[in-house]
Amino acid sequence: MNPDEQAAAAVLTSYQDALNASSTDMVMKLYAPQGILMAQHYPSSIGTAALRQAYDTIFNTITLKVKFKIEECNQVAPEWIFARTSSAGTATVNASGDGGLEANQELFVLQKIEGAWKIARYCFCTTNPPRV
(Lines give C-alpha, C1' and ligand atoms only; values in the text may rest on other atoms or scores of the structure.)
Protein backbone atom coordinates (compact mmCIF):
# COMPACT_ATOMS: atom_id res chain seq x y z
CA MET A 1 0.00 0.00 0.00
CA ASN A 2 1.14 3.53 -0.72
CA PRO A 3 1.13 6.14 2.11
CA ASP A 4 -2.37 7.40 1.24
CA GLU A 5 -3.75 3.86 1.21
CA GLN A 6 -2.08 3.21 4.57
CA ALA A 7 -3.71 6.37 5.97
CA ALA A 8 -7.10 5.25 4.63
CA ALA A 9 -6.58 1.81 6.18
CA ALA A 10 -5.93 3.53 9.52
CA VAL A 11 -9.31 5.28 9.16
CA LEU A 12 -10.95 1.88 8.71
CA THR A 13 -9.25 0.60 11.86
CA SER A 14 -10.50 3.68 13.71
CA TYR A 15 -13.99 2.99 12.37
CA GLN A 16 -13.82 -0.58 13.68
CA ASP A 17 -12.75 0.78 17.07
CA ALA A 18 -15.60 3.32 17.06
CA LEU A 19 -18.14 0.56 16.36
CA ASN A 20 -16.73 -1.59 19.16
CA ALA A 21 -16.87 1.40 21.54
CA SER A 22 -20.49 2.17 20.50
CA SER A 23 -19.34 5.76 20.03
CA THR A 24 -21.25 7.99 17.65
CA ASP A 25 -18.79 10.81 18.39
CA MET A 26 -15.85 8.65 17.31
CA VAL A 27 -17.68 7.59 14.15
CA MET A 28 -18.62 11.15 13.21
CA LYS A 29 -14.98 12.27 13.25
CA LEU A 30 -14.29 9.75 10.47
CA TYR A 31 -17.01 10.83 8.04
CA ALA A 32 -16.92 13.55 5.40
CA PRO A 33 -19.46 16.34 6.06
CA GLN A 34 -21.74 15.03 3.31
CA GLY A 35 -20.97 11.38 4.02
CA ILE A 36 -23.48 8.68 3.22
CA LEU A 37 -24.24 5.44 5.07
CA MET A 38 -26.05 2.80 3.03
CA ALA A 39 -27.07 0.14 5.52
CA GLN A 40 -28.77 -3.05 4.41
CA HIS A 41 -32.59 -2.87 4.71
CA TYR A 42 -32.57 0.90 5.46
CA PRO A 43 -32.75 4.09 3.42
CA SER A 44 -29.47 5.96 2.96
CA SER A 45 -28.42 8.32 5.75
CA ILE A 46 -27.03 11.43 4.06
CA GLY A 47 -25.10 14.19 5.81
CA THR A 48 -24.01 14.86 9.36
CA ALA A 49 -27.42 15.03 11.06
CA ALA A 50 -28.74 11.87 9.43
CA LEU A 51 -25.50 9.99 10.11
CA ARG A 52 -25.55 10.99 13.77
CA GLN A 53 -29.17 9.85 14.10
CA ALA A 54 -28.42 6.53 12.36
CA TYR A 55 -25.43 5.69 14.55
CA ASP A 56 -27.21 6.79 17.73
CA THR A 57 -30.03 4.41 16.80
CA ILE A 58 -27.62 1.58 15.99
CA PHE A 59 -25.68 1.95 19.24
CA ASN A 60 -28.84 2.30 21.32
CA THR A 61 -30.14 -0.92 19.76
CA ILE A 62 -27.10 -3.20 19.57
CA THR A 63 -23.56 -3.59 20.86
CA LEU A 64 -21.05 -4.70 18.26
CA LYS A 65 -17.77 -6.49 18.79
CA VAL A 66 -16.30 -6.86 15.32
CA LYS A 67 -12.97 -7.17 13.56
CA PHE A 68 -12.43 -5.75 10.08
CA LYS A 69 -10.20 -7.35 7.47
CA ILE A 70 -9.11 -5.09 4.63
CA GLU A 71 -9.51 -7.13 1.46
CA GLU A 72 -8.34 -4.33 -0.82
CA CYS A 73 -7.54 -0.64 -0.57
CA ASN A 74 -6.97 1.18 -3.83
CA GLN A 75 -6.27 4.82 -4.52
CA VAL A 76 -8.04 5.69 -7.77
CA ALA A 77 -7.30 9.44 -7.79
CA PRO A 78 -5.30 11.85 -5.60
CA GLU A 79 -8.34 12.49 -3.39
CA TRP A 80 -10.25 9.20 -3.69
CA ILE A 81 -9.72 5.69 -2.37
CA PHE A 82 -12.04 2.72 -2.35
CA ALA A 83 -11.66 -0.07 0.14
CA ARG A 84 -13.37 -3.43 0.34
CA THR A 85 -13.50 -5.10 3.72
CA SER A 86 -15.05 -8.03 5.49
CA SER A 87 -15.95 -8.10 9.15
CA ALA A 88 -16.90 -10.71 11.70
CA GLY A 89 -17.79 -10.76 15.35
CA THR A 90 -20.90 -10.51 17.47
CA ALA A 91 -23.93 -8.28 17.88
CA THR A 92 -25.86 -8.14 21.14
CA VAL A 93 -29.36 -6.68 21.41
CA ASN A 94 -29.16 -4.15 24.22
CA ALA A 95 -32.80 -4.53 25.32
CA SER A 96 -32.72 -8.31 25.74
CA GLY A 97 -29.09 -9.35 25.88
CA ASP A 98 -29.74 -11.79 23.04
CA GLY A 99 -27.22 -11.87 20.28
CA GLY A 100 -25.36 -13.82 17.73
CA LEU A 101 -22.71 -13.85 15.10
CA GLU A 102 -22.23 -10.76 12.97
CA ALA A 103 -20.56 -10.95 9.55
CA ASN A 104 -20.59 -8.43 6.73
CA GLN A 105 -18.88 -7.38 3.56
CA GLU A 106 -18.34 -3.65 3.18
CA LEU A 107 -17.41 -1.09 0.57
CA PHE A 108 -15.93 2.25 1.62
CA VAL A 109 -15.23 5.25 -0.58
CA LEU A 110 -12.86 7.62 1.17
CA GLN A 111 -12.19 11.23 0.22
CA LYS A 112 -9.15 13.30 1.12
CA ILE A 113 -10.43 16.53 2.64
CA GLU A 114 -7.95 19.17 3.80
CA GLY A 115 -5.24 16.53 3.96
CA ALA A 116 -7.24 13.96 5.96
CA TRP A 117 -8.97 10.82 4.67
CA LYS A 118 -12.70 10.72 5.50
CA ILE A 119 -15.46 8.21 4.80
CA ALA A 120 -17.51 9.65 1.94
CA ARG A 121 -19.64 6.57 1.26
CA TYR A 122 -20.10 3.35 3.20
CA CYS A 123 -22.24 0.38 2.22
CA PHE A 124 -22.53 -3.02 3.86
CA CYS A 125 -24.50 -6.22 3.69
CA THR A 126 -24.51 -9.36 5.75
CA THR A 127 -22.72 -12.50 4.74
CA ASN A 128 -24.62 -14.56 7.29
CA PRO A 129 -27.28 -16.90 5.90
CA PRO A 130 -30.88 -15.69 6.29
CA ARG A 131 -32.51 -16.45 9.63
CA VAL A 132 -35.48 -18.79 9.47
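I looked up Ser45 and, leaving aside its neighbours within four places in sequence, found contacts (heavy atoms within 4.5 Å) with Gly35, Ile36, Leu37, Ala50, Leu51 and Ala54. The model is predicted, so I note that local features need pLDDT of at least 70, side-chain atom pairs count only at pLDDT 80 or more, and totals for chains, interfaces and linings use all residues. Residues are numbered from 1 along each chain as its sequence is written, and side-chain values use heavy atoms, with hydrogens and water left out.

Ser45 sits in strand E2 (residues 45-46); helices (H or I, at least four residues) and strands (E, at least two) are DSSP runs numbered from the N terminus. Its relative accessible area is 13%, so I list Ser45 as buried (under 20% relative accessible area; exposed is over 50%, partly exposed in between; 1.4 Å probe, protein chains only).

Next I went through the aromatic rings. Rings of Phe, Tyr and Trp (its six-membered ring) pair if their centres lie within 6.5 Å; planes under 30 degrees apart are stacked, over 60 edge-to-face, the rest tilted. I get 9 aromatic pairs by this rule.

Tyr15 and Tyr122 form an edge-to-face pair, with centres 5.1 Å apart and planes at 70 degrees. Tyr15 is in helix H1 (residues 3-20) and Tyr122 in strand E6 (residues 116-126), 107 residues apart. Both Tyr15 and Tyr122 are buried.

Tyr31 belongs to strand E1 (residues 31-39) and Tyr55 to helix H3 (residues 48-61), 24 residues apart in sequence. Tyr31 is buried at 4% relative accessibility, and Tyr55 is buried at 1%.

Ring pairs join Tyr15, Tyr31, Tyr55, Phe59, Phe68, Phe108, Tyr122 and Phe124 into a cluster.
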